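Let's walk through this model together, starting with the whole chain and then stepping inside. Keep the viewer open as you read.

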Amino acid sequence: VVYRDGYIKAVGRADVIRDQFSGAIFERKIDCTGKCVLPGLVDAHTHPVWAGDRVHEFAMKLAGASYMEIHQAGGGIHFTVEHTQKATEEELFSTFKHRLERMCRAGSTLVECKSGYGLNLETELKMLRVIERAKQSMDIGISSTYCGAHSVPKGKTAAEATDDIINNHLPKLKELKLSGEIHVNNIDVFCEKGVFDLDSTRRILQAGKDIGLQINFHGDELHPMKSAELGAELGAQAISHLEEVSDEGITAMARAKCAAVLLPTTAYMLRLKQPQARKMLNEGVIVALGSDFNPNAYCFSMPMVMHLACVNMKMSMNEALAAATINAAYALGKSDTHGSIENGKQGDLVIINSSRWEHLIYQFGGHQALVDYVIVKGKVVYKNERCGIMSSY
């Protein structure tokens, strides 16, 4: 039962609920006989605001070009940056809205959304305004992340870019937050060899933390950088990627209750070493999942992410579901309100056309027929047009 304020009022056996609310009048009832009701899925890592897709680079990757080779040849992030800088705010909002709607139809009810394809203050703010506009006008939940340190801008050194972010970008974000124009939740840095080193990452993350942002950053993806150790030291809420994390870093994250946001799509698309999900879980790390939706990993579907996590990272289906709901909510600092079906939590739900919830992971790429309803704060935001007349089998 979801109350009119959008929060869960009661959870329990159908007969008990009927007795408890026998005198109540409901705006809507959904018959879930033979179906499963799950918490809304949480996508803990996406880059969904940009112009200029990179479909042409997919062929280069398939031919053996590495991520950094494409990056150094003027492709990768810089290709998208050029197109995003030229795009209008309206153009960016239109494509962003469409992408969020596709994520929602696949069961996502809360999505982390990063900037990072601007690399100058003007374009980063343009991206953050687009995210803010979606926060205010769309039903899907959004956790916004400033990722101005996604790459070193052309014509700048990493040291110059670091100083620009600390001295110009972050003070402006603080000003806009105080005026109520933009509300950013997280600070992100791509801590990587040839991008932002450990010292620059530390300075930017600390400066973000000082203006009230949660630390949630890219680390230990292509090279071991000791990002996990740094994140644990700074009190990071979460670190993403971690394909090259050290044993010491895993231990430090477990102790610090710092979530690991693993991105099976990235390891799959770039043919990278898989993140050590099993070791992290065994050591007590809070493991979350994200789609890493971006021009390099074009995936909207958290059910597909969960499937890849189970097959390639050796997670169980229960672990994958937890990682895509309550643990992903934790990675965004929202596990007190999102990520599980409990009294007092936000009424974010996915109803699937199956009597066993495991079908959401088992049916690889099958969410179009499986997802009957997506509900955010008690409001049906997506109903499958063939709901009730088709079988998911």
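The chain has 17 helices and 12 strands; helices (H or I, at least four residues) and strands (E, at least two) are DSSP runs, numbered from the N terminus. Before going further, please note that this is a predicted model, in which local features need pLDDT of at least 70 and side-chain atom pairs count only at pLDDT 80 or more, while totals for chains, interfaces and linings use all residues. Residues are numbered from 1 along each chain as its sequence is written, and side-chain values use heavy atoms, with hydrogens and water left out.

First, the overall form. A compact globule of 393 residues would have a radius of gyration near 21 Å, and the chain agrees with its 21 Å; the radius is taken over C-alpha atoms, and the globule rule is 2.2 Å times the number of residues to the power 0.38. Along the principal axes, the C-alpha atoms fill a box of roughly 65 × 45 × 40 Å. Of the 393 residues, 56% are buried, where buried means under 20% relative accessible area, exposed over 50%, and partly exposed in between (1.4 Å probe, protein chains only). Contact means heavy atoms within 4.5 Å, and among contacts with a separation of 6 or more, 70% join residues 24 or more positions apart.

What about the charges? The chain carries 43 positive and 46 negative side chains, and the centres of the two sets lie 5 Å apart. In this count Lys and Arg are positive and Asp and Glu negative, leaving out His and the chain ends; each charge is placed at NZ of Lys, CZ of Arg, CG of Asp or CD of Glu.

Now find helix H9, residues 227–234. Why is H9 largely enclosed by the rest of the structure? Seven of its eight residues are buried, namely Ser227, Ala228, Glu229, Leu230, Gly231, Ala232 and Leu234. These buried residues pack against helix H8 (198–210), strand E6 (214–219), strand E7 (238–241) and helix H10 (247–256). After H9 comes glycine 235, whose phi is positive, near 75 degrees.

Strand E7 also holds serine 240, which counts as buried at 0% relative accessibility. Not counting residues up to four places away in sequence, serine 240 touches His45, Asn216, Phe217, His218, Gly219, Val261 and Leu263. Leaving aside neighbours within four places in sequence, leucine 263 is in contact with His45, Ser240, His241, Gly290, Ser291 and Asp292.

Next, turn to strand E3 (residues 108–114), where leucine 110 is found. Is leucine 110 buried or exposed? At 1% relative accessibility, leucine 110 counts as buried. Its contacts beyond four places in sequence include Leu41, Val42, Asp43, Ile140, Gly141, Ile142, Leu332, Lys334 and His338. Serine 143 is another of those contacts: leucine 110 and serine 143 are 33 residues apart in sequence and 7.5 Å apart in space, C-alpha to C-alpha.

Finally, the cysteines. The structure holds zero disulfides, a disulfide being a pair of cysteine sulfur atoms within 2.5 Å. For cysteine 113, the nearest cysteine sulfur, that of cysteine 104, is 12 Å away. Cysteine 113 is buried, with a relative accessible area of 0%, whereas cysteine 32 is partly exposed at 23%.
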